[in-house]
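Subject: Structure handover

Hello,

Here is the structure I promised to pass on. Please have a look at it first, then read my notes below.

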Amino acid sequence: MNSLLQAARNVINTFSKVINNDRCSFVGNVTVGKDVSLTQLRKAYTAVVLAYGANSERRLNIPGENLPNVISARHFVGWYNGLPEEQDLKLNFDVEDVAIVGHGNVALDITRILLTPLELLKKTDITEQAITALSSSKVQRVHLIGRRGPLQVAFTIKELREMIRLPKSRPVLDPEDFKHLADCFEDLPRPRRRLTELLYNTAVKPTEEDKKLWSDATQKWYLHFLRSPVEILSDGSSVKGLRLVKNKLEGSIKENPKAVSTEKTIDLPCGMIMTSIGYQGIQLDPDLPFDHSKGVVSNENGRVTGIPGLYCTGWVSRGPLGVILNTMTDGLDTGKMILQDLKSNLLETNKPGKEAVIKQLKEAGVQTVSFDDWKKIDSIEMSQGKLIGKPREKMVVISEILKLSL
Ligand SMILES: Cc1cc2nc3c(=O)[nH]c(=O)nc-3n(C[C@H](O)[C@H](O)[C@H](O)COP(=O)(O)OP(=O)(O)OC[C@H]3O[C@@H](n4cnc5c(N)ncnc54)[C@H](O)[C@@H]3O)c2cc1C
């Protein structure tokens, strides 16, 4: 099973157990900061946990970034996953080369979507609109660009292995980038060592099985190291390429070396550019203590600095690192902090709770979505998917979704 599906399934199982506890309720279609304020929530509840993720992204800040077909990975992932707010994203797949800036799992995931044979993609839960758009794709080559070297990639091994074995595609890695690494494997921490060995073997001594798998590849994906984008090249209206500066590393390659630009540049021809160079949380409320340099709520182990009863967890608490599993662990840790504070009588327990918030939302005319409504949406999506041989077909128009909860 695809590792994302496995992670999503674990989340669904855990969530279903928790939501069926009658002390837990689900109130959907509510935006904190718009429909209800943080102050209102804090007045209503003994403890409030902020778990709103990192919903803004870092930009390249280079000329040409506002051209059509230069897209943030976050928007692209939202588009093919059926997020209603991303359905108007303008994409032109009539291009042979795509450059993706970033060497993390998101970059790999996008590469996978761009290169997966259509007959396999049709069996996943990506939207029909995305499948239709991708069915006319001319993409032949995907270039993943990283500012540092192979020892600094942020992929996880499962995701990388899946990508290396993707049918009809082959990885292209320059053995020159890896030759100095063979004698430093032993000193690396185990996860980094396994990841580096996989990259090294793929580049320098692929197995017969791998070679056989790649023999019928019609598309390629490249890992480019020690390159940073400096300019998007265009004919004035459409992307023609990406100018990259070559970098060198300063500091020990096994620790946290810095990428420093050299004078040399190279131009990579491409017609689409996606950026996946980091995500940031936003400050939900002007009174919320916030570390703007890291894009996270200021906190100590999940306790928001200086505000008893306010907690945070996940990416908005620790920054955009790790996968769903890490976020679940964060959630458990923050839960333990709340229990500790309750036991130590640090929290005000005499609060009105959910009823007060529901009343305020009703008065403000907000149409909320209950868990029973969610189940209706889920069941319709699953049955729509079944009709066309997919796990689900997502509903992408909010007004249609809300009709089900009237
Ligand atoms: C593009 C992309 C692809 C990824 N792919 C994978 C993958 O394949 N596998 C994997 O394991 N991990 C993946 N990750 C990482 C994974 O998404 C994170 O580890 C995890 O989602 C972080 O969880 P979170 O709870 O902190 O934030 P999120 O999962 O982002 O949850 C935040 C929630 O808060 C809601 N929200 C935001 N603002 C408000 C507000 N004002 N009011 C109310 N609600 C609000 C959002 O709608 C969202 O539902 C990916 C991340 C990105 C950015």
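Let me start with the strands. Strand β4 (residues 97-101) is joined to β11 by 4 bridges, and the two run parallel. Strands here are DSSP runs (E, at least two residues), helices are too (H or I, at least four), and both are numbered from the N terminus. Two strands pair if DSSP finds at least two bridges between them. Within this pair, Val101 has Thr275 as its bridge partner in β11.

A word on the basis. This is a predicted model, where local features need pLDDT of at least 70, side-chain atom pairs count only at pLDDT 80 or more, and totals for chains, interfaces and linings use all residues. Residues are numbered from 1 along each chain as its sequence is written, and side-chain values use heavy atoms, with hydrogens and water left out.

Back to β11. Strand β3 (residues 70-72) also runs parallel to β11, joined by 3 bridges. Here Ser72 stands opposite Thr275.

Strand β9 (residues 239-250) is joined to β10 by 9 bridges. Val245 stands opposite Thr265 in β10.

Next, the cores. A nonpolar core is a set of buried Ala, Val, Leu, Ile, Met, Phe, Trp, Tyr and Cys residues joined through side-chain atoms within 4.5 Å. The largest one has 51 residues, and Phe76, Leu114, Leu160 and Trp221 have the most contacts inside it. Its largest share, 6 residues, comes from α4. Another core lies apart from it, with 18 residues, including Val36 and Phe290. Trp221 is in contact (heavy atoms within 4.5 Å) with residues that include Leu108, Val142, Leu160 and Pro171, leaving aside neighbours within four places in sequence.

Now the annotated positions. UniProt, in an unreviewed entry, places a "binding site" at His103, Gly104, Asn105, Val106, Arg147, Arg148, Glu159 and Gly322. Its positions are in the numbering used here, feature names are shortened, and annotations may be inferred rather than shown by experiment.

I looked at two of these. Val106 lies in helix α4 (residues 105-115). With a relative accessible area of 26%, Val106 is partly exposed. Not counting residues up to four places away in sequence, Val106 touches Ala73, Val77, Ser276 and Tyr279.

Arg148 sits in the loop between β5 (141-145) and α7 (157-164). Is Arg148 buried or exposed? Arg148 is buried, because its relative accessible area is 18%. Beyond four places in sequence, residues touched by Arg148 include Phe225, Leu249 and Pro257.

Gln152 lies in the loop between β5 and α7. Gln152 is buried, at 14% relative accessible area. The Gln152 side chain reaches the backbone nitrogen of Gly149 at 3.0 Å.

Best wishes

Note on methods:
Buried < 20%, exposed > 50% of the residue type's maximum accessible area, 1.4 Å probe, protein only. Polar contact = N/O pair within 3.5 Å; in protein donor to acceptor, adjacent residues only side chain to side chain.
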